[in-house]
Amino acid sequence: MATIYEALQRGRQESAPTAPPLPRVSKPHPALFGAEMRALLSRLQPLLDNRKPVTLAVTATGTGEGTSTVARELAYHVANEGRAVLLCGDPADLDAVRVVGGETETQTRPMIETNRPGLTVVDIADLHRRDSGFASKAAFRDWLAENSRNFDLVIIDVPPLLEQQSWSGFMSFPDGIVIVVEAERSRSEVIKATTAVLEEASGHILGVVFNKRRQYIPKGLYKWL
(Lines give C-alpha, C1' and ligand atoms only; values in the text may rest on other atoms or scores of the structure.)
Protein backbone atom coordinates (compact mmCIF):
# COMPACT_ATOMS: atom_id res chain seq x y z
CA MET A 1 0.00 0.00 0.00
CA ALA A 2 2.85 2.36 0.78
CA THR A 3 4.27 1.84 -2.70
CA ILE A 4 0.90 2.64 -4.31
CA TYR A 5 0.51 5.77 -2.16
CA GLU A 6 4.01 7.00 -3.14
CA ALA A 7 3.23 6.42 -6.83
CA LEU A 8 0.02 8.45 -6.53
CA GLN A 9 1.86 11.27 -4.82
CA ARG A 10 4.50 11.36 -7.56
CA GLY A 11 1.71 11.41 -10.16
CA ARG A 12 0.12 14.44 -8.53
CA GLN A 13 3.42 16.31 -8.40
CA GLU A 14 4.50 15.57 -11.95
CA SER A 15 2.92 17.80 -14.54
CA ALA A 16 1.39 15.96 -17.44
CA PRO A 17 2.51 17.09 -20.89
CA THR A 18 0.01 19.44 -22.50
CA ALA A 19 -0.66 19.88 -26.19
CA PRO A 20 0.03 23.33 -27.65
CA PRO A 21 -3.11 25.50 -27.87
CA LEU A 22 -4.90 25.46 -31.17
CA PRO A 23 -4.90 28.73 -33.12
CA ARG A 24 -8.05 30.78 -32.71
CA VAL A 25 -10.03 31.15 -35.88
CA SER A 26 -12.34 34.11 -36.24
CA LYS A 27 -15.73 32.95 -37.42
CA PRO A 28 -18.64 35.09 -38.47
CA HIS A 29 -21.27 35.56 -35.82
CA PRO A 30 -24.14 33.18 -36.66
CA ALA A 31 -27.13 34.94 -38.12
CA LEU A 32 -30.04 34.98 -35.70
CA PHE A 33 -33.76 35.51 -36.16
CA GLY A 34 -33.79 33.92 -39.61
CA ALA A 35 -37.57 33.56 -39.81
CA GLU A 36 -38.12 37.10 -38.56
CA MET A 37 -35.63 38.57 -41.02
CA ARG A 38 -37.20 36.64 -43.90
CA ALA A 39 -40.57 38.08 -42.97
CA LEU A 40 -39.13 41.59 -42.75
CA LEU A 41 -37.32 41.22 -46.06
CA SER A 42 -40.53 40.06 -47.74
CA ARG A 43 -42.13 43.36 -46.73
CA LEU A 44 -39.17 45.26 -48.19
CA GLN A 45 -39.04 43.25 -51.43
CA PRO A 46 -41.20 45.67 -53.47
CA LEU A 47 -38.69 48.42 -52.73
CA LEU A 48 -35.74 46.23 -53.70
CA ASP A 49 -37.43 45.27 -56.95
CA ASN A 50 -38.00 48.86 -58.02
CA ARG A 51 -34.76 50.68 -57.28
CA LYS A 52 -31.08 50.39 -56.48
CA PRO A 53 -29.82 51.12 -53.98
CA VAL A 54 -32.60 51.06 -51.40
CA THR A 55 -31.74 53.14 -48.34
CA LEU A 56 -33.36 51.94 -45.12
CA ALA A 57 -33.18 53.69 -41.75
CA VAL A 58 -33.77 51.65 -38.59
CA THR A 59 -34.57 53.65 -35.47
CA ALA A 60 -36.40 53.20 -32.16
CA THR A 61 -38.42 55.09 -29.60
CA GLY A 62 -35.68 54.79 -26.97
CA THR A 63 -32.19 53.43 -26.35
CA GLY A 64 -31.68 49.72 -25.80
CA GLU A 65 -34.75 48.60 -27.73
CA GLY A 66 -32.84 46.59 -30.33
CA THR A 67 -32.19 48.95 -33.23
CA SER A 68 -28.59 47.81 -33.74
CA THR A 69 -29.59 44.14 -33.51
CA VAL A 70 -32.34 44.48 -36.10
CA ALA A 71 -30.08 46.47 -38.45
CA ARG A 72 -27.23 43.96 -38.07
CA GLU A 73 -29.34 40.83 -38.48
CA LEU A 74 -31.16 42.24 -41.50
CA ALA A 75 -27.80 43.11 -43.07
CA TYR A 76 -26.53 39.57 -42.44
CA HIS A 77 -29.67 38.03 -43.92
CA VAL A 78 -29.74 40.18 -47.05
CA ALA A 79 -26.01 39.63 -47.63
CA ASN A 80 -26.54 35.88 -47.33
CA GLU A 81 -29.18 36.22 -50.05
CA GLY A 82 -26.41 37.34 -52.41
CA ARG A 83 -27.05 41.08 -52.36
CA ALA A 84 -24.51 43.83 -51.75
CA VAL A 85 -25.23 45.52 -48.41
CA LEU A 86 -23.76 48.65 -46.85
CA LEU A 87 -24.35 48.76 -43.09
CA CYS A 88 -23.87 52.14 -41.42
CA GLY A 89 -23.49 51.90 -37.66
CA ASP A 90 -21.10 51.57 -34.76
CA PRO A 91 -18.60 48.70 -35.32
CA ALA A 92 -18.52 48.23 -31.53
CA ASP A 93 -22.02 46.76 -31.90
CA LEU A 94 -20.79 44.42 -34.64
CA ASP A 95 -18.35 42.19 -32.73
CA ALA A 96 -18.52 39.57 -35.47
CA VAL A 97 -17.28 41.91 -38.17
CA ARG A 98 -13.62 41.62 -39.03
CA VAL A 99 -11.72 43.64 -41.60
CA VAL A 100 -10.40 41.34 -44.31
CA GLY A 101 -9.99 43.61 -47.28
CA GLY A 102 -8.66 46.75 -45.69
CA GLU A 103 -10.31 50.11 -45.86
CA THR A 104 -11.25 52.01 -48.98
CA GLU A 105 -11.13 55.72 -48.35
CA THR A 106 -14.08 57.48 -49.92
CA GLN A 107 -13.94 61.18 -49.15
CA THR A 108 -14.13 61.23 -45.34
CA ARG A 109 -15.50 57.79 -44.37
CA PRO A 110 -13.75 54.48 -45.05
CA MET A 111 -15.73 51.49 -46.28
CA ILE A 112 -14.69 48.42 -44.30
CA GLU A 113 -14.83 45.05 -46.05
CA THR A 114 -15.84 42.20 -43.75
CA ASN A 115 -15.51 38.43 -43.65
CA ARG A 116 -19.11 38.16 -44.80
CA PRO A 117 -19.39 38.15 -48.59
CA GLY A 118 -21.45 41.08 -49.76
CA LEU A 119 -21.37 42.99 -46.47
CA THR A 120 -19.54 46.31 -46.11
CA VAL A 121 -19.55 48.46 -42.98
CA VAL A 122 -19.22 52.21 -42.50
CA ASP A 123 -18.45 53.59 -39.05
CA ILE A 124 -20.85 56.37 -38.04
CA ALA A 125 -20.24 56.14 -34.29
CA ASP A 126 -19.31 59.83 -34.32
CA LEU A 127 -22.83 60.66 -35.53
CA HIS A 128 -24.33 58.74 -32.62
CA ARG A 129 -22.89 61.20 -30.11
CA ARG A 130 -25.38 63.62 -28.65
CA ASP A 131 -23.17 66.60 -29.46
CA SER A 132 -23.04 65.86 -33.19
CA GLY A 133 -25.14 68.48 -34.94
CA PHE A 134 -27.27 68.96 -38.03
CA ALA A 135 -24.29 69.79 -40.25
CA SER A 136 -22.64 66.39 -39.70
CA LYS A 137 -25.86 64.59 -40.66
CA ALA A 138 -26.17 66.70 -43.81
CA ALA A 139 -22.57 65.84 -44.75
CA PHE A 140 -23.29 62.14 -44.17
CA ARG A 141 -26.40 62.37 -46.36
CA ASP A 142 -24.30 63.84 -49.17
CA TRP A 143 -21.64 61.16 -48.65
CA LEU A 144 -24.23 58.39 -48.96
CA ALA A 145 -25.70 59.88 -52.12
CA GLU A 146 -22.24 59.81 -53.67
CA ASN A 147 -20.86 56.49 -52.42
CA SER A 148 -23.74 54.02 -52.09
CA ARG A 149 -24.54 53.52 -55.76
CA ASN A 150 -22.93 50.07 -56.06
CA PHE A 151 -25.01 48.53 -53.27
CA ASP A 152 -28.41 46.88 -53.37
CA LEU A 153 -29.36 47.88 -49.81
CA VAL A 154 -28.04 50.53 -47.44
CA ILE A 155 -29.03 50.09 -43.78
CA ILE A 156 -28.51 52.97 -41.36
CA ASP A 157 -28.63 52.49 -37.59
CA VAL A 158 -30.23 55.75 -36.41
CA PRO A 159 -30.40 56.73 -32.70
CA PRO A 160 -33.82 57.48 -31.17
CA LEU A 161 -35.03 60.78 -32.60
CA LEU A 162 -36.59 61.98 -29.37
CA GLU A 163 -33.13 61.83 -27.79
CA GLN A 164 -31.15 63.13 -30.78
CA GLN A 165 -33.36 65.39 -32.85
CA SER A 166 -30.43 66.53 -34.97
CA TRP A 167 -31.18 63.41 -37.05
CA SER A 168 -34.62 64.73 -38.00
CA GLY A 169 -33.24 66.68 -40.98
CA PHE A 170 -31.75 63.46 -42.34
CA MET A 171 -34.88 61.32 -42.18
CA SER A 172 -36.37 62.49 -45.47
CA PHE A 173 -33.38 60.94 -47.29
CA PRO A 174 -33.99 57.17 -46.72
CA ASP A 175 -36.44 55.35 -48.98
CA GLY A 176 -38.04 53.87 -45.89
CA ILE A 177 -37.90 53.90 -42.09
CA VAL A 178 -38.47 50.99 -39.73
CA ILE A 179 -39.26 51.76 -36.08
CA VAL A 180 -38.19 49.19 -33.48
CA VAL A 181 -40.56 48.95 -30.52
CA GLU A 182 -39.76 46.81 -27.48
CA ALA A 183 -42.72 44.86 -26.16
CA GLU A 184 -43.92 45.84 -22.67
CA ARG A 185 -41.46 48.73 -22.52
CA SER A 186 -42.25 51.34 -25.16
CA ARG A 187 -45.15 53.57 -24.15
CA SER A 188 -47.78 54.47 -26.71
CA GLU A 189 -47.22 58.20 -26.08
CA VAL A 190 -43.52 57.85 -26.94
CA ILE A 191 -44.31 55.85 -30.08
CA LYS A 192 -46.77 58.52 -31.21
CA ALA A 193 -44.24 61.28 -30.49
CA THR A 194 -41.55 59.46 -32.51
CA THR A 195 -43.97 58.97 -35.40
CA ALA A 196 -44.91 62.65 -35.28
CA VAL A 197 -41.25 63.70 -35.50
CA LEU A 198 -40.70 61.44 -38.50
CA GLU A 199 -43.80 62.66 -40.28
CA GLU A 200 -42.84 66.28 -39.67
CA ALA A 201 -39.42 65.47 -41.13
CA SER A 202 -41.12 63.99 -44.25
CA GLY A 203 -39.84 60.52 -43.42
CA HIS A 204 -41.42 57.51 -45.11
CA ILE A 205 -42.41 55.10 -42.30
CA LEU A 206 -42.68 51.53 -43.57
CA GLY A 207 -43.81 49.96 -40.33
CA VAL A 208 -42.89 48.77 -36.85
CA VAL A 209 -40.76 45.84 -35.70
CA PHE A 210 -42.17 44.46 -32.43
CA ASN A 211 -39.05 43.33 -30.55
CA LYS A 212 -38.70 40.98 -27.54
CA ARG A 213 -42.31 39.86 -27.70
CA ARG A 214 -43.02 36.98 -25.37
CA GLN A 215 -45.56 34.25 -26.02
CA TYR A 216 -47.56 33.69 -22.86
CA ILE A 217 -49.05 30.29 -22.06
CA PRO A 218 -52.55 30.43 -20.53
CA LYS A 219 -52.74 28.73 -17.15
CA GLY A 220 -55.37 26.34 -18.44
CA LEU A 221 -52.86 24.85 -20.90
CA TYR A 222 -50.18 23.96 -18.35
CA LYS A 223 -51.90 20.67 -17.46
CA TRP A 224 -51.42 19.53 -21.06
CA LEU A 225 -47.67 20.25 -21.09
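Buried residues have under 20% relative accessible area, exposed residues have over 50%, and partly exposed residues fall in between (1.4 Å probe, protein chains only). This is a predicted model, in which local features need pLDDT of at least 70 and side-chain atom pairs count only at pLDDT 80 or more, while totals for chains, interfaces and linings use all residues. Residues are numbered from 1 along each chain as its sequence is written, and side-chain values use heavy atoms, with hydrogens and water left out.

Start with the whole chain. The protein has 225 residues, and 41% of them count as buried. It holds 5 helices and 8 strands. These are DSSP runs, numbered from the N terminus: helices are H or I with at least four residues, strands are E with at least two. From the N terminus, the order of elements is α-α-β-α-β-β-β-β-α-β-β-α-β.

Turn to helix α4, residues 134–147. This helix has 14 residues and reaches 20 Å from its first C-alpha to its last. That is close to the 20 Å expected at 1.5 Å a residue. The expected span is 1.5 Å times one less than the number of residues. Which residues of α4 are buried? They are K137, F140, W143, L144 and N147. Seen down the axis of α4, these buried residues fall within an arc of 115 degrees, so they line one face of the helix. The arc is that of the directions from the helix axis to the C-beta atoms. The face of α4 turned away from the buried side carries the exposed residues F134 and A135.

W143 and R109 are 34 residues apart along the chain. Their C-alpha atoms are separated by 8.2 Å. R109 belongs to strand β4, residues 109–113. R109 is buried, with a relative accessible area of 11%.

Next come the charged pairs. Side chains of opposite charge can pair when their charged atoms come close. A salt bridge here is a side-chain nitrogen of Lys or Arg within 4 Å of a carboxyl oxygen of Asp or Glu. By this rule there are 7 salt bridges. One of them joins the side chains of R141 and D142, at 3.6 Å from N to O. R141 is partly exposed, at 29% relative accessibility. D142 is partly exposed too, at 46%. Another salt bridge links R129 and D131, with 3.5 Å between N and O. Here R129 is partly exposed, with a relative accessible area of 48%. D131 counts as exposed, at 64%. E146 and R149 form a further salt bridge, at 3.4 Å from N to O. E146 is partly exposed, at 39% relative accessibility.

Now follow helix α5, residues 188–200. This helix has 13 residues and reaches 18 Å from its first C-alpha to its last. The span expected at 1.5 Å a residue is 18 Å, and the helix comes close to that value. Its buried residues are V190, T194, V197 and L198. They cover an arc of only 95 degrees around the axis, which puts them on the same side of α5. What sits on the face turned away from the buried side? That face carries the exposed residues E189, K192, E199 and E200.

V197 lies in helix α5 and has a relative accessible area of 16%. The C-alpha atoms of V197 and Q165 are separated by 8.5 Å. Along the chain, V197 and Q165 are 32 residues apart.

S202 follows α5. S202 sits in the loop between α5 and β8, the latter spanning 205–211. Phi of S202 is near 65 degrees, a positive value in a residue other than glycine. At 56% relative accessibility, S202 counts as exposed.

Finish with a pocket. On a 1 Å grid over the protein atoms alone, a cavity is a set of points where a 1.4 Å probe fits but cannot get out, and a pocket is an open set with protein on both sides within 12 Å along at least five of seven lines; lining residues have an atom within 4 Å of a point. The second largest pocket holds about 230 Å³ of space. Of the 17 residues that line this pocket, T63, G64, T67, S68 and P160 are the closest to its centre. Grid points are joined across faces, edges and corners, and a volume is the space filled by probe spheres set on the points. The lining of the second largest pocket divides into 4 nonpolar, 8 polar and 5 charged residues. Ala, Val, Leu, Ile, Met, Phe, Trp, Tyr, Cys and Pro count as nonpolar, Asp, Glu, Lys and Arg as charged, and the others, Gly among them, as polar.
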